[in-house]
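Thanks, everyone, for making time this morning.

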Amino acid sequence: MTDPAAWLLSPADRGNPATRIDAADVPGEPDRSWTTGNRVLAHIDGASYFEALHRVVEETGPGDLVWFTDWMGDGNLRLTGEPGSEVVEVLGRALARGVDVRGLVWRSHTDQAGFFAPANRHLGEQLGRRGAEVSLDMRVRPGGSHHQKFVVVRHADDPARDVAFVGGIDLARNRRDDQHHAGDPQARRLTKEYGAHAPWHDVQLELRGPVVRDVETTFRERWEDPAPLTLAPWRRVADALRRVETNPSALPPQAAAPPPAGDSTVQLLRTYPHLGPGRGYDFAPEGERSVARGYSRAIARARELVYIEDQFFWSHDTEHNLPGRRRSSTNEPHGNDVVAALEQQLEAEPGLRVVIVVPRHPDQDGINRQAQLLARHRALERLVRVAPGRVAAYCLENAAGTPVYVHAKICIVDDTWATTGSDNFNRRSWTHDSELTAAVLDPVHARTLRMRLAAEHLGRLAPDEGVGPDGADVGELDRVADCKTADGMVEQFSLAATHLDDWYAAGRVGERPPGQLRRLPRAEPPAALRPLARLLLATVHDPDGRPAHLRATESY
């Protein structure tokens, strides 16, 4: 039996004594930092998640709660693709039924900076006119964001129906794609390589059981933080002119945790930055970096396979790991460098393999693209140098040959510990922005998730088959039986990518080989652009949100 204490963080390990998330449910009992008895279902790609969310919200009634956070939101997003399933309409109907609807949406920077402040503001205004409370939350570091993406639904009369959705999918356009990756009909333009309707790959978990209360507590801590939603005078004036509510009302008392619903142990991992002198979250005065700490602990136990899907897989530091440089004796990665945990474990375990799936092209152009390419190139080159032949990086494309934008944020270690959340493998996500990730300790869930993803990427899905009780198509898992072991999956991914790459190299003669996998091309900025790319990476794309006294250390 898997020992949770060996894989998961204790309350002390979380490093944030101010949080309520680890508090005992019953006074007098010891604090705990994970819950048992949970049911976990993975929704692969946005169409599956949005359909489930639509169904759950439509079934709410008087006295129920629907609370959400978002990095980016579009009120006109159709959850099922049908008229009337728009986010604003679905939540508006819930409000009319007497449901308590509240949201915490990152306010975003000005639209001139390439962000989406108007869309987020309009979502709040539209819901506000219907009676919901949506706070535009700018309690972040300069250049930072609230990146959490979750929804929690609690039922006044039947806590067994309580549910939370946690992962990487915003309530926004572009996300409602499926296994075929033809893209969301409600598109938002990415870079030219992804076309008019960018194919989009993502993952969101559906959680039932006691962990739902922990997700709710995460919402409550942010909502009840007494700090002003923004410190900028111009935003305060604009809010007053628009009559935007800036003083969130009190929340109702929190109900007890829902009853057990399954067999999974779940721990919530979070990132909150240190906001700087004179500022700080009351629930995390020095910030929280349990995402970084949780990954460090789990990766240090890896023996066979670490499987990663990530939007940004980045590294900064290359010097501290060069030959002859003194290394840390701890299992924590260097504080400036999230790749070190993998690097160290690859050196320690000669049988360990790492498989990484990322987007082929960054989502930005110009020098910003070069900064992202530099960060990714450094990370992958270091791992390959340490473990040649044991590290493989892939990208995805759909049947038409259009690249798939990989927005998923998952990590599976030895079919035992699996995370799905909002954080990426970079310093920003591990120290600087707010993040929420669910770490599931359950071999059945971990293997099922890995094999379901393998079935999609290898082109072996059959959409007409039924869905089993674990959320995976039983036939799908049978068709990837050759991926059940780590060796099998590594081999099948390599073969599929080789066949597709060779087909392109031969001039695309004959039938296209099945699957989505291509080997990730080597790409780094031209030498002349690297100094500027390095500067942008350190200051804009991947800043450090730790307290000053930790920045020169190897500690989170």
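This is a predicted model: local features need pLDDT of at least 70, side-chain atom pairs count only at pLDDT 80 or more; totals for chains, interfaces and linings use all residues.

Let me begin with the helix pair. In general, two packed helices are described by the angle between their axes and by the distance between those axes. Here the pair is helix H3, residues 46–58, and helix H4, residues 87–96, whose axes come within 9 Å and cross at roughly 20°. Because angles under 35 degrees count as roughly parallel, H3 is described as roughly parallel to H4. The crossing of H3 and H4 is left-handed. If you want to find the contact on your screen, look on the H3 side for His54, Val57 and Glu58, and on the H4 side for Val90, Leu91, Arg93 and Ala94. Sorted by class, the residues in this contact are four nonpolar, one polar and two charged.

How many disulfides does a search of the whole structure find? The search finds zero. Cys395, for example, is in no disulfide, and the nearest cysteine sulfur to it, that of Cys483, is 18 Å away. If we turn to Cys483 itself, the closest cysteine sulfur is in Cys411, and at 18 Å that sulfur is too far for a bond, because a disulfide here requires a pair of cysteine sulfur atoms within 2.5 Å. Are these two cysteines buried or exposed? Cys395 has a relative accessibility of 1% and so counts as buried, and Cys483, at 0%, counts as buried too.

Finally, two individual residues. Thr19 sits in the loop that runs between helix H2, residues 11–14, and strand E1, residues 35–44. With a relative accessible area of 11%, Thr19 is buried, since the cut-off for that word is under 20%. If its neighbours within four places in sequence are left aside, Thr19 is in contact with Arg14, Glu221, Arg270, Phe283 and Glu288.

The other residue is Gly124, which is found in helix H5, residues 117–129. Gly124 is buried, with a relative accessible area of 11%.

Notes:
Residues are numbered from 1 along each chain as its sequence is written. Side-chain values use heavy atoms; hydrogens and water are left out. Axes are lines fitted to C-alpha atoms, for helices over the stretch in contact, and angles run from 0 to 180 degrees between N-to-C directions. Helices (H or I, at least four residues) and strands (E, at least two) are DSSP runs, numbered from the N terminus. Angles under 35 degrees count as roughly parallel, over 145 as roughly antiparallel, 65 to 115 as roughly perpendicular and the rest as oblique. A crossing is left-handed if the near helix is turned anticlockwise from the far one by less than a right angle, and right-handed if clockwise. Contact means heavy atoms within 4.5 Å. Ala, Val, Leu, Ile, Met, Phe, Trp, Tyr, Cys and Pro count as nonpolar, Asp, Glu, Lys and Arg as charged, and the others, Gly among them, as polar. Buried means under 20% relative accessible area, exposed over 50%, partly exposed in between (1.4 Å probe, protein chains only).
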